[in-house]
Amino acid sequence: MSTGQPIIVLVKPQLGENIGKAARAMLNFGLTEMRIVDPRDGWPNPSAGPIAAGADLVLEQAQVFETTAEAVADCSHVYATTVRKRGMTKEVLTPADAAGEMTAASGKCAILFGPERSGLEVVDVELARKIITVPINPDFGSLNLAQAVILVAYELSKLDHSNVQPTIEKKISEPAPQIELDRLYEHLERALEDTGYFYPPDRAPATKITLRNMMTKPAWTNEEVQTLRGVLSSFERPYPKK
């Protein structure tokens, strides 16, 4: 299988049966890498296998993480699937548009799917660069986990990865993985705390969310992240003037 295939991340799934159905949906369209964040009933789950209908490869290779941030730490492109934007100033894509981006992307891509009952929490959506939303009935926006996975997986399957050819010979810097953006944000927040930037205190949470959203906008490269961290370090420890 192509190493460039997107990773399906199930965040706090509740039922083993739904994990099995998601695995079945994935393998139907050639996706094999599943990551599971804090499953309610633990992992492995005996209820997942039978309903996966032969998608054992996906379940056997599934990795488990305690937090969503850990699950996407090595990913350069993170997408959150949600019906609502939840007040986030992030670009919203259809599954088809997102599939086109992921097919042409450099670096690992991850797609977040929330728990069956409530969907993704704000803290999970904050990690994403963009949001994937399906244009479904606004009066009944209820998809089960496997249905959501299969909609995105189907759009990915329509694109022939083997025919994608680079159009630019110039080497392009790799996009920064999520963990580097997290470290950049933490560095920025530390630097701003020392300057008293987060004032008044009651506005600090909203300001921090805005800053976090800025850090997760697409196209940050490793070089850009390291350069900006160098700038922050120079503010914290300025070189003595001669």
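Predicted model: local features only at pLDDT ≥ 70, side-chain atom pairs only at ≥ 80, totals over all residues.
Buried here means under 20% relative accessible area.

**View 1. Asp182 sits in helix H8, which spans residues 178-195.** Asp182 has a relative accessible area of 11%, so this residue counts as buried. Leaving aside residues up to four places away in sequence, Asp182 touches Ala69, Leu127 and Arg212.

View 2. A search of the whole structure finds 0 disulfides.

**View 3. Asp74 and Lys108 form a salt bridge, with their closest N and O atoms 2.8 Å apart.** Asp74 lies in the loop between helix H4 (68-71) and strand E4 (77-81), and Lys108 in the loop between helix H5 (95-104) and strand E6 (109-113), so the pair ties together parts that are 34 residues apart in sequence. Asp74 is partly exposed, with a relative accessible area of 32%, and Lys108 is partly exposed too, at 37%.

**View 4. Two further salt bridges pair Arg35 with Glu33 and Lys158 with Glu155.** In the pair of Arg35 and Glu33, N and O are 3.1 Å apart; Arg35 is buried at 4% relative accessibility, whereas Glu33 is partly exposed at 28%. Lys158 and Glu155 also meet at 3.1 Å, N to O, and here Lys158 is partly exposed at 48% while Glu155 is buried at 16%. Through shared partners, salt bridges join Glu33, Arg35, Asp74 and Lys108 into one network.

Methods: Residues numbered from 1 in each chain as written. Heavy atoms only, no water. Disulfide = S-S within 2.5 Å. Helix = DSSP H or I, 4+ residues; strand = E, 2+ residues; numbered from the N terminus. Buried < 20%, exposed > 50% of the residue type's maximum accessible area, 1.4 Å probe, protein only. Contact = heavy atoms within 4.5 Å. Salt bridge = Lys/Arg side-chain N within 4 Å of Asp/Glu carboxyl O.
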